[in-house]
Amino acid sequence: IIAMHVPIVVEGNTLHQQTSEYFKFNYPNCPQINLDFVNFIKESKNIIALLCGHLHFSNNVDVSQHTRQFVASQGVAGHINVYNLK
């Protein structure tokens, strides 16, 4: 499990795709090291979950066949995020 602040944009999270660069880890023209890290996550069979925030809305999507990304909505508005990872 990896905890990171800014989530990864993948094909399945269309709502996230509509946000600006500020809300994306792998934004257009981002540093190559960001893309290398995303590819590492996508290729790994040992990473089962990414726990992210930053968006202020919930957005859960598969990054790869083995890894699910959970983006938590803000807690200040009374949201509670509970994830059961098996």
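Thr19 is buried in this predicted model. Its relative accessible area is 18%, and the limit for a buried residue is under 20%. Thr19 lies in the loop between helices H1 and H2. Beyond its neighbours within four places in sequence, Thr19 is in contact with Lys24 and Phe57.

Asn29 is found in the loop between helix H1 (14-17) and helix H2 (32-43) as well. Asn29 is exposed, because its relative accessibility of 81% falls in the range over 50%. The backbone of Asn29 has a phi near 65 degrees. This is a positive value, and Asn29 is not a glycine.

A positive phi also occurs at His54, again a residue other than glycine. Here phi is near 75 degrees. His54 is found in the loop that runs between strand E2 (49-52) and strand E3 (59-62). His54 counts as buried, since its relative accessible area is 13% and the cut-off is under 20%.

E3 pairs with strand E4 (residues 68-71) in the antiparallel sense. Four bridges make up this pairing. Within E4, Gln69 is the bridge partner of Val61.

Technical notes. Residues numbered from 1 in each chain as written. Predicted model: local features only at pLDDT ≥ 70, side-chain atom pairs only at ≥ 80, totals over all residues. Heavy atoms only, no water. Helix = DSSP H or I, 4+ residues; strand = E, 2+ residues; numbered from the N terminus. Buried < 20%, exposed > 50% of the residue type's maximum accessible area, 1.4 Å probe, protein only. Contact = heavy atoms within 4.5 Å. Pairing = 2+ DSSP bridges.
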